[in-house]
Amino acid sequence: MDTKTTQGVTVNVTTNYLPDYSSPAQQHFVFAYKITIRNNSEFTVKLLRRHWHIFDSNNEVREVEGEGVVGQQPVLEPGESHQYVSGCNLKTSIGKMSGTYLMERLVDGRQFHVVIPEFTLIIPYKLN
């Protein structure tokens with residue numbers, strides 16, 4: 001599990017390779033990632049946007065940016081968490097992702113970026 005805390009907001013990431021949706025012969029590798037966002041700050045926060053950097057091991061880099069996460073802009077009271085699962089496809093069997101969430105403190109409208117820890121996407125038999 002990869003974990004990073006920024007301004008009291010903790011992001012945890014776990015990943016899984018999805019062989020049933022992948023086709024290595026066609027250079028198509030699909031991964032799922034589960035993210036837990038926990039608000040350990042003293043303020044209620046809202047997740048506004050996401051910004052991802054996706055890296056294949058062939059040096060291809062993609063950026064994905066948009067509102068919320070999986071169609072939601074969760075509001076987290078102090079001590080609350082939000083969890084979601086999403087996916088990523090790569091052209092190689094090894095890659096990585098990193099990024100940020102744009103959050104807003106609801107008490108004063110102050111916006112800040114929360115770092116999503118860099119995590120590796122790798123098919124299991126490459127680990128041996």
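The model is predicted; local features were considered at pLDDT of at least 70 and side-chain atom pairs at pLDDT 80 or more, whereas totals for chains, interfaces and linings use all residues. Residues are numbered from 1 along each chain as its sequence is written, and side-chain values rest on heavy atoms, with hydrogens and water left out.

The chain contains 0 helices and 9 strands, and its order along the sequence is β-β-β-β-β-β-β-β-β. These elements are DSSP runs numbered from the N terminus, with at least four residues for helices (H or I) and at least two for strands (E). The C-alpha trace spans about 50 × 25 × 20 Å along its principal axes. Of the 128 residues, 41% are buried, where buried denotes under 20% relative accessible area, exposed over 50% and partly exposed the range in between (1.4 Å probe, protein chains only). Among contacts (heavy atoms within 4.5 Å) between residues at least 6 apart in sequence, 64% connect residues at least 24 apart.

The β2 and β3 strands run antiparallel over 9 bridges, and Val11 is placed opposite Ile37 of β3. An antiparallel arrangement also joins β3 and β7, here over 10 bridges, with Phe31 having Cys88 of β7 as its bridge partner. Because 9 of its 11 residues are buried, β3 is largely enclosed by the rest of the structure.

Two residues illustrate the surroundings of these strands. Asn39, located in β3, is buried with a relative accessible area of 0%. The Asn39 side chain comes to 3.4 Å from the backbone oxygen of Glu77. With neighbours within four places in sequence set aside, the contacts of Asn39 include Gly8, Val9, Thr44, Val45 and Leu76. Ser81, by comparison, belongs to β7 and is partly exposed at 42% relative accessibility. Beyond four places in sequence, Ser81 touches Thr36, Ile37, Arg38 and Leu76. The C-alpha atoms of Ser81 and Val11 are 9.6 Å apart, although the two residues are separated by 70 residues in sequence.

The largest nonpolar core comprises 27 residues, of which Tyr33, Ile35, Trp52 and Tyr101 touch the most other members. At least two residues of this core come from each of β2 (9–17), β3 (29–39), β4 (45–56), β7 (81–90), β8 (94–105) and β9 (111–122). Such a core is defined as a set of buried Ala, Val, Leu, Ile, Met, Phe, Trp, Tyr and Cys residues joined through side-chain atoms within 4.5 Å. In soluble globular proteins, nonpolar side chains tend to be buried together. Residues up to four places away in sequence being excluded, Trp52 is in contact with Tyr33, Ile35, Arg62, Glu63, Val64, Tyr84, Met97, Ser98, Gly99, Tyr101, Ile116 and Phe119.

The model holds 3 salt bridges, each defined by a side-chain nitrogen of Lys or Arg within 4 Å of a carboxyl oxygen of Asp or Glu. Side chains of opposite charge can pair when their charged atoms come close. Another salt bridge is formed by Glu118 and Lys96, whose closest N and O atoms are 3.8 Å apart. Glu118 is in strand β9 and Lys96 in strand β8, so this pair ties together parts 22 residues apart in sequence. Glu118 is partly exposed at 45% relative accessibility, as is Lys96 at 31%. Arg105 and Asp108 likewise form a salt bridge, at 2.3 Å from N to O. Within this pair, Arg105 is buried at 16% relative accessibility, whereas Asp108 is partly exposed at 43%.

Key: A polar contact is a pair of N or O atoms within 3.5 Å; within protein, one must be able to donate a hydrogen and the other to accept it, and residues adjacent in sequence count only if both atoms are side-chain atoms. Two strands pair if DSSP finds at least two bridges between them.
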